[in-house]
Amino acid sequence: MEEQLDPLAEQIISLLVFEETFEQMVSELPKFSHYAIADELKNLIVKDYARPYRDIENDTTSGILYDSDHLNGYSFTLTARGITYLENNLKVK
């Protein structure tokens, strides 16, 4: 059975259908602190639901490497596992 994520994680996953920067996520989730969003994003990366996509400063694909202390320097997107979770759990009611 697939793990059930908390509401903040589900909101972040919903945003990552398309490439999003950390600042965009913070601006679209105003009721959460940027610290809470950062912690949850890091958890999603560790659990393979999301991944760093692009190093903004160098405009290069990030791959799996990123500086977790400087999330604002990267954009992020879903992994296949994240897309599957989105399809299975966040259907329109």
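A residue is called buried when its relative accessible area is under 20%. This tour applies that term to a predicted model.

**The surface.** Of its 93 residues, 35% count as buried.

**Contacts along the chain.** Return to the cartoon and consider which parts of the sequence meet. Among contacts between residues at least 6 apart in sequence, 60% join residues at least 24 apart.

**The aromatic pair.** Now select Tyr49 and Tyr85 and show their side chains. The count of aromatic pairs in this model comes to one. Tyr49 and Tyr85 form that pair, with 5.6 Å from centre to centre and 85° between the planes, an edge-to-face arrangement. The pair links distant parts of the chain, its two members being 36 residues apart. To locate them, colour helix α4 (residues 80-89), which contains Tyr85, and then the loop between α3 (34-46) and β2 (50-55), where Tyr49 lies.

Is Tyr85 buried or exposed? Tyr85 has a relative accessible area of 0%, and therefore counts as buried, because the limit is under 20%. Tyr49 also has a relative accessible area of 0% and is likewise buried.

Methods:
Residues numbered from 1 in each chain as written. Predicted model: local features only at pLDDT ≥ 70, side-chain atom pairs only at ≥ 80, totals over all residues. Heavy atoms only, no water. Buried < 20%, exposed > 50% of the residue type's maximum accessible area, 1.4 Å probe, protein only. Contact = heavy atoms within 4.5 Å. Phe/Tyr/Trp six-rings, centres within 6.5 Å; stacked < 30°, edge-to-face > 60°. Helix = DSSP H or I, 4+ residues; strand = E, 2+ residues; numbered from the N terminus.
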